[in-house]
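The entries below follow the order in which I checked them.

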Amino acid sequence: MSNASIELKTDEDVIRFSFNKPPSIFDSTNRKETTKRQKMSKKAKLNELRFYRLKAKKKMNSPNPEVRIRYKLEKAKRKEAWLIEKLRKYDIPKAPAEVYDPEILTEEERHYLKRTGEKKKNYVQVGRRGVFGGVVLNMHLHWKKHETVKVVCKPCKPGQVYEYAEELARLSKGIVIDIKPNNTVIFYRGKNYVQPQIMSPPDTLSKNKALEKYKYEQSLDHTSEFIEKLEKELEEYLEHKAQYTKAKDIGPQDFLDNNRCN
């Protein structure tokens with residue numbers, strides 16, 4: 001009764017009672033129409049893919065060079081954005097630096113450690129994966145028996161060896177003694193070295209993840225170079241097109257005369 005309304009009518013000296021139902025919230029007037037997305041059939045999906053492939057093929061085989069270059073440029077930029085998004089997953093936040101007293105070495109000690117490191121044959125390779133947990137682990141294993149260890153960066157871009165040296169010094173708490181021209185870094189473990197319980201830092205990538213990151217970085221470098229090449233081609237084509245339009249408007253003879261004067 002609480003949800004119903006009572007209506008009283010007095011017609012011709014007759015009292016009539018009637019109970020009216022309240023307006024339902026599920027009425028068609030108040031109901032919000034929700035459009036459900038219909039699932040596409042397999043045939044419809046194939047037709048849609050075929051349509052996009054034909055559209056791309058039409059642009060690739062277009063007689064207009066500008067259409068072809070712009071299509072390749074758009075596709076390359078989409079790939080570049082996708083690669084940048086992928087590489088963001090491999091960005092690991094760096095752990096806060098631990099407070100420790102850096103050891104001060106004299107020039108004689110540095111010279112001695114440099115000569116010792118050059119003579120010894122123990123080394124750690126930093127390859128295409130770059131700096132990851134396994135490299136730091138191998139450094140600590142070498143420091144168990146040797147004071148110094150050589151880190152060979154190969155392959156290495158120009159100037160990248162200094163970035164590797166700084167990163168490895170932060171992760172291993174070692175001291176950089178010398179950086180050779182052949183991309184070799186000599187590390188000293190320190191006078192009061194104590195081997196840590198966890199030799200592979202937690203804020204580093206695993207071996208497989210480091211390889212995946214390297215592949216994405218290589219692809220991004222090649223894509224960026226390809227975009228620069230296409231932008232240069234488009235600029236040259238537009239410049240040539242502008243010259244051709246100018247020659248067509250002026251006239252062939254006047255255009256040749258202007259060129260001779262210049």
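**Salt bridges**

I began with the rule: a salt bridge is a side-chain nitrogen of Lys or Arg within 4 Å of a carboxyl oxygen of Asp or Glu. The model is predicted, so I noted its limits: local features need pLDDT of at least 70, side-chain atom pairs count only at pLDDT 80 or more, and totals for chains, interfaces and linings use all residues. Residues are numbered from 1 along each chain as its sequence is written, and side-chain values use heavy atoms, with hydrogens and water left out.

I searched the whole structure and found 13 salt bridges.

I took R170 and D203 to start. Their closest N and O atoms are 3.4 Å apart, and they form a salt bridge. This pair links distant parts of the chain, 33 residues apart: R170 sits in helix α5 (residues 160–172), and D203 in the loop between β6 (184–188) and α6. Helices (H or I, at least four residues) and strands (E, at least two) are DSSP runs, numbered from the N terminus.

Is D203 buried or exposed? I used these cut-offs: buried is under 20% relative accessible area, exposed is over 50%, and partly exposed is in between (1.4 Å probe, protein chains only). D203 is buried, because its relative accessible area is 15%. R170 has 27%, so R170 counts as partly exposed.

Next I checked E118 and R115. They form a salt bridge, with the closest N and O atoms 3.6 Å apart. Both residues lie in helix α3 (residues 107–119), three residues apart, which is about one turn of the helix. E118 is partly exposed at 30%, and R115 is partly exposed at 45%.

I then looked for shared partners.

My last pair was R88 and E85. Their side chains meet in a salt bridge at 3.1 Å, N to O. R88 is exposed, with a relative accessible area of 52%. E85 is partly exposed at 45%.

**Charge on the surface**

Which residues form a negative surface patch? I found E233, E235, E236 and E239. The patch rule takes residues with over 30% relative accessible area and no salt bridge; like charges are joined within 9 Å, and nonpolar side chains (Val, Leu, Ile, Met, Phe, Trp, Tyr) within 5 Å. Asp and Glu count as negative, Lys and Arg as positive, while His and the chain ends are not counted. I placed E239 in helix α6 (residues 207–250). E239 is partly exposed, because its relative accessible area is 48%.

**Cysteines**

How many disulfides are there? I counted zero disulfides, taking a disulfide as a pair of cysteine sulfur atoms within 2.5 Å. C153 is in no disulfide; the nearest cysteine sulfur is that of C156, 5.0 Å away. C153 is buried, with a relative accessible area of 2%.

**Backbone**

I looked at the peptide bond from K154 to P155. The bond is cis, with omega near 0°. P155 lies in the loop between β4 (148–153) and α5.

I also checked phi. K173 has a positive phi of about 60° although it is not a glycine. K173 is in the loop between α5 and β5 (175–179) and is partly exposed at 32%. N183 is not a glycine either, and its phi is positive, near 60°. N183 lies in the loop between β5 and β6 and is partly exposed at 23%.

I noted two C-alpha distances. F132 and K209 are 77 residues apart along the chain, and their C-alpha atoms are separated by 9.0 Å. F132 lies in the loop between β3 (123–126) and α4 (133–143) and is buried at 13%. D221 and E80 are 141 residues apart in sequence and 9.1 Å apart in space, C-alpha to C-alpha. D221 lies in helix α6 and is partly exposed at 29%.

The protein has seven helices and six strands. Along the sequence the pattern reads β-β-α-α-α-β-α-β-α-β-β-α-α. Of its 262 residues, 24% count as buried.

Note on methods:
Accessible areas come from the Shrake-Rupley method with a 1.4 Å probe; for residues, only the protein chains shown count as cover. The place of a charge is taken as NZ of Lys, CZ of Arg, CG of Asp or CD of Glu.
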